[in-house]
Amino acid sequence: MPRSSSQVRLRNTAAAAAVDVQRSAPFAKMGHPRLLTLSPGRLSPVIRIAHRVIGRLALDERIIRDHELVLILRGRGRLVFRDESISYDGAARTLLFIPPFAPHRFELGSDVVEHVAVHFDLAPDVPPPQHGLRDRTPYTVRLTGGLAVPRVAYANPANEAEPRLLRIVKAYAGDPILGPVEASAELIVLLARLLRPMPETQDDPVANARIDRAIAFVLADLARAMSVEQLAGVAGLSTSRFNVLFRGRTGVAPMEYVRRARVAEARRLLANVNLSIKQIAHQLGFADPFHFSKVFRAVDGLPPTHFREALLAGRRS
């Protein structure tokens, strides 16, 4: 059956992306990478390449401009970063994660290596899409909550890495409209299962303890009036430093965190039909029910009355 024009365009776009993704970069001019922060709840992968390859896996030192997962199905070799060397083996179903702008190379251990490779961004706006892929400057993405995808893992029944990656390849090569959506859905589940806490040495435990102190202060009494200056004082930090560290720890600004924490508690309280909307608003420190409804709708996309109705309808069903 002849391919549709949309399928041809998709293949051409993928071929062009493969060139841009893996083109060598001038290491000497890379400079210090900018830090981009992303909360795990905002993971929404944008897949650029998804393929299954059989052949020699030997690459000179290179960088890529997005993230890559590589699952080894057959063969042996090494992935070498400048600070670490990782041996991989198809028999062990080694899963490799390569972040953007991290110089690395692949060294052969056997002539034939079968692998699945997926290139992707963690979210459509990380990094911001002002420029094309080839124009990206060095960056690194930090997930809040101290989470990270490890450089090496292994496919197993718990993470279902092998069947998920194979489904990603199949979906991405299939329907040009819905295929990328299905592939992205598979990838987000896989990433969630791979996420692990970062080692303490890669983070600042003293700064984290200060921010956690402020978070505990917020959650202890959501009804009290709060300001960034007050929370910075609880943490023992200047306001500007507190803003930076708080966003890095949680992925949102301090007052946005307060707002979301209040809405999260409101969801729990709305399950109690004996509490009126006015009472819930008062318990959570909102000036009036109208302000409460406005904030709830901004966070959840629907007013609290509709949320309660849907919750009760779900219980009845």
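Reader: Which residues form a nonpolar patch on the surface, and about how much accessible area do they have together?

Author: A patch is made of residues with over 30% relative accessible area and no salt bridge, where nonpolar side chains (Val, Leu, Ile, Met, Phe, Trp, Tyr) are joined within 5 Å and like charges within 9 Å. In this structure Ile-177, Leu-178 and Val-181 form such a nonpolar patch, with about 310 Å² of accessible area together. Accessible areas come from the Shrake-Rupley method with a 1.4 Å probe, and for residues only the protein chains shown count as cover. The model is predicted: local features need pLDDT of at least 70, and side-chain atom pairs count only at pLDDT 80 or more, whereas totals for chains, interfaces and linings use all residues. Residues are numbered from 1 along each chain as its sequence is written, and side-chain values use heavy atoms, with hydrogens and water left out.

Reader: Where is Leu-178 placed, and is Leu-178 buried, partly exposed or exposed?

Author: Helices (H or I, at least four residues) and strands (E, at least two) are DSSP runs, numbered from the N terminus. Leu-178 is in the loop between helix H2 (161-172) and helix H3 (179-194). A residue is called buried under 20% relative accessible area, exposed over 50%, and partly exposed in between (1.4 Å probe, protein chains only). Leu-178 has 49% relative accessibility and therefore counts as partly exposed.

Reader: How many helices and strands does the protein have, and what share of its residues count as buried?

Author: The secondary structure comes to ten helices and 13 strands, and 42% of the 317 residues count as buried. The protein exposes about 16,600 Å², of which carbon and sulfur atoms supply 55%. Among contacts between residues at least 6 apart in sequence, 75% join residues at least 24 apart.

Reader: What can be read from helix H2, and which of its residues are buried?

Author: The length of a helix can be set against its expected span, which is 1.5 Å times one less than its number of residues. H2 has twelve residues and reaches 16 Å from its first C-alpha to its last, close to the 16 Å expected at 1.5 Å a residue. Its buried residues are Ala-161, Arg-164, Leu-165, Ile-168, Val-169, Ala-171 and Tyr-172.

Reader: With which side chains does the side chain of Asp-66 make a polar contact?

Author: A polar contact is a pair of N or O atoms within 3.5 Å; within protein, one must be able to donate a hydrogen and the other to accept it, and residues adjacent in sequence count only if both atoms are side-chain atoms. The side chain of Asp-66 makes such contacts with the side chain of Arg-48 (2.8 Å) and with that of His-119 (3.0 Å). Asp-66 is in the loop between strand E3 (59-62) and strand E4 (67-74), and it counts as buried because its relative accessible area is 0%.

Reader: How many salt bridges does a search of the whole structure find?

Author: Side chains of opposite charge can pair when their charged atoms come close. A salt bridge is a side-chain nitrogen of Lys or Arg within 4 Å of a carboxyl oxygen of Asp or Glu, and the search finds 21 of them. One of them joins the side chains of Arg-74 and Glu-114 (3.4 Å, N to O). This pair links distant parts of the chain, with Arg-74 in strand E4 and Glu-114 in strand E9, 40 residues apart. Glu-162 forms a salt bridge with Arg-93, the closest N and O atoms being 2.8 Å apart.

Conventions:
Contact means heavy atoms within 4.5 Å.
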